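The sequence and model are shown first for reference.

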Amino acid sequence: MTAETEGSLDGHPPPAGVALDEDTSAAGVALDEDAPPAPGTPLRDREQQVLDRIARARRRRPVVREERITLAHGSGGKATQTLIQAVFLEAFRNPRLAPLEDGATLTLDGARTAFTTDAFVVSPLFFPGGDIGDLAVNGTVNDLAMCGARPAYLSAGFILEEGFPVADLRRIAASMAAAAAAAGVEIVTGDTKVVERGKADGCYVTTAGVGVLERPVELSVARARPGDAVVVSGPIGEHGAAIMLARGDFGIEAPIASDTAPLHGITAALLDALPPGGVRALRDATRGGIATILNEVAVASGVCVVAEEEALPVRSEVTGVCELLGIDPLYVACEGRFVAVVDGECAERAVEVLRGHPLGAGAAVIGTVRDDPPGLVLLRTAFGGTRIVDLLVGDPLPRIC
Amino acid sequence: MRFVDEYRDAGRARALAADIAARCEPGRRYTFMEVCGGHTHTIYKHGLEDLLPREVVLVHGPGCPVCVIPMGRVDDAIHIASQPDVIMTSFGDMMRVPGGNGSFLDAKAAGADIRMVYSPLDALKIARENPDRRVVFMAIGFETTAPSTAMTVLRAAAEGVRNFSVFCNHVLIIPAIKAILDSPDLRLDGFVGPGHVSAVIGCRPYEFIARDYGKPLVVAGFEPLDILQSVHMLLGQLAAGRSEVANQYARVVPWEGNRTAMAAIGQVMRMRAHFEWRGLGFIPHSAMALSDAYAAFDAERIFELPGLRVADPKACQCGEVLKGVLKPWECKVFGTACTPETPIGTCMVSSEGACAAYYNFGRFSRERVREATLR
């Protein structure tokens with residue numbers, strides 16, 4: 001679970017200067033109660049007033065306005081975050097859930113533990129570079145890795161549709177076993193359910209995992225501060241692009257494979273190489289891509305993230321597919337890449353360490369953290385301009401993982 | 001990436017930006033409308049405004065296919081989609097466009113079978129694969145997309161596919177530009193002309209703009225350098241006191257257009273006497289319907305439609321934004337009640353809509369960012 005954390009939740013004071021607005025009446029078409037800028041105000045000031053008003057509107061407590069779930073609620077973007085905050089966080093509210101990190105950090109009998117869960121509905125089940133099985137193992141392993149933990153044990157749940165070929169299920173199980181062995185984890189418990197034909201699409205998998213926090217790290221997207229550097233561990237967008245092509249809807253062929261991989265080895269290398277506190281946050285860039293992670297950092301930390309388009313590692317095949325389909329690689333999912341926010345002083349060392357690992361050969365510094373304007377992600381375009389990178393609305397590509 | 005990178009070269013952009021600045025008379029303000037939503041998208045996505053001098057102001061035009069669909073037509077389409085044996089097919093852009101009672105996305109969540117397609121030919125394929133269902137294609141767009149709708153109808157007729165029809169909402173760019181030129185609200189110095197539309201209709205139809213209204217128009221491509229170069233060409237004409245139609249996008253747009261595509265439109269479609277445009281009201285001779293010869297493929301004749309006119313929400317100022325009279329952020333509900341996640345107006349829906357482009361890409365103060373960066 002990930003979400004825009006505005007800091008109003010248990011134990012987390014709101015960022016300085018943030019007035020928490022309890023008013024949710026903006027639901028309908030109700031106009032903002034702020035007075036419009038007075039006539040005669042210079043154009044630039046009027047625009048700034050509107051921008052401030054929008055910033056306040058975005059800080060309002062999220063409300064689910066739809067009467068039914070739409071595909072947008074599964075996109076990983078804005079609608080997903082609203083749903084999580086307005087329904088799940090509202091119902092389950094507790095200090096361990098509230099930060100909405102990739103997993104929860106718990107202390108059990110004095111032992112620091114990380115715990116996470118993930119569900120997989122990817123279509124197609126088999127695609128270049130992997131299948132739903134290794135995706136399900138790596139996804140949970142990576143959520144634990146992003147907490148700074150060493151993954152230890154996983155559970156596996158299967159929801160199967162009547163008529164699903166046993167041969168396919170064997171293939172999925174074999175690839176889960178191989179992925180677990182490669183990641184050094186064991187699948188120690190599970191569950192199986194079968195639903196009538198037409199009530200599911202072949203096979204869904206859920207995994208949960210526990211890991212051990214062996215280092216005294218405190219990682220959170222709320223810990224970024226001005227001067228920090230944003231690093232990505234390799235070329236982005238390969239999983240999403242591979243799935244798009246595997247569906248065959250576009251009649252495009254390109255040598256793109258999913259990047260699904262377990263990341264706890266490379267994150268451990270990074271955490272060990274940098275001085276304590278040098279790594280502020282780790283996030284794997286799954287649904288919603290890099291753009292979503294950068295927004296989470298900007299909002300949770302109350303900072304501005306400035307990314308450089310030219311520095312973004314994207315393989316040319318992925319760029320090509322994205323250009324053809326009108327999709328921005330910043331929003332395309334990865335399953336074997338992560339974003340690290342590190343102390344600016346350690347940026348070079350971080351890239352060096354990542355590049356020294358087989359899964360980090362394409363690592364690069366892609367941006368920096370500034371103080372103003374807070375809550376925004378800005379992109380310096382390769383063309384020489386500046387624009388915002390916002391959270392995705394809607395879902396151009398459902399069921400990517 | 002070839003054929004893309006050369007049109008996004010930062011070095012050339014800087015050089016061209018310097019030339020543009022040099023062509024501006026100090027103190028004079030140049031207001032150009034980019035007619036096409038594709039240009040609006042490019043301008044914001046690449047942060048083009050950072051490269052333009054203060055004297056040059058770009059205002060956004062009506063050329064966003066999704067933005068001009070009136071609410072009543074969305075309701076009609078949802079009415080068709082809600083028939084039990086219907087599969088409605090649509091471009092993805094349409095999915096979130098609000099009608100009087102929700103969008104395609106809402107109707108889909110409530111049980112209607114609405115599927116996203118990338119081409120009308122995909123819709124025809126769905127019709128072939130589902131002979132016991134009626135498959136309707138929600139046809140939207142300017143002359144850019146009308147040929148593919150027409151070719152699909154021709155193919156359906158040739159193949160004898162009986163369960164396929166088109167809900168035709170194709171609109172024409174020239175009447176929209178004329179409506180803007182005749183509007184008293186706006187003073188423009190020239191147009192960045194639509195590129196893809198012109199690939200079909202050619203450049204001649206714009207000649208009246210230069211001749212009768214004395215405004216230059218430069219047909220432009222969709223890469224950021226294309227747009228900068230078009231602005232440069234417009235300033236050149238103004239400096240020389242000329243107003244002409246020029247073609248910056250000659251690599252794609254033939255002066256005479258695409259006769260085959262025009263012939264296909266002419267064969268399958270006929271002009272409507274008038275058509276309602278979102279925010280702009282009824283414009284005579286501004287849209288196409290299927291011709292009588294292809295009535296068997298015309299969803300408007302196959303299905304009984306409510307055909308109700310739904311007034312735009314009072315708070316929504318899409319019409320003023322589409323005409324370029326208001327900047328997106330000057331709309332009363334911009335970014336507060338109307339956002340990409342809960343749009344009131346169509347301009348906030350499509351990635352080509354001016355409001356969505358500004359909200360998603362341009363929602364920051366350039367001055368403030370410059371200051372923050374310098375510090």
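**Backbone points for review**

1. His285(B) counts as partly exposed because 13 C-beta neighbours lie inside 10 Å; a residue is buried with 20 or more other C-beta atoms within 10 Å of its own, exposed with 12 or fewer, and partly exposed in between, the C-beta atoms being placed from the backbone. Although His285(B) is not a glycine, its phi is positive, at about 50°. His285(B) sits in the loop of chain B between strand S12 (281-284) and strand S13 (288-290). Helices (H or I, at least four residues) and strands (E, at least two) are DSSP runs, numbered from the N terminus.

2. The model is predicted, so local features need pLDDT of at least 70 and side-chain atom pairs count only at pLDDT 80 or more, while totals for chains, interfaces and linings use all residues. Residues are numbered from 1 along each chain as its sequence is written, and chains are lettered from A and ligands numbered from 1 in the order in which they are written.

3. Leu100(A), a residue other than glycine, has a positive phi near 50°. Its loop in chain A runs between helix H2 (78-92) and strand S1 (104-108). Leu100(A) counts as buried because it has 22 C-beta neighbours inside 10 Å.

4. A cis peptide bond links Ser123(A) to Pro124(A), with omega near 5°. Pro124(A) belongs to the loop between strand S2 (111-120) and strand S3 (126-127) of chain A.

5. The peptide bond from Asp372(A) to Pro373(A) is also cis, with omega near -5°. In chain A, Pro373(A) lies in the loop between strand S12 (364-370) and strand S13 (377-380).
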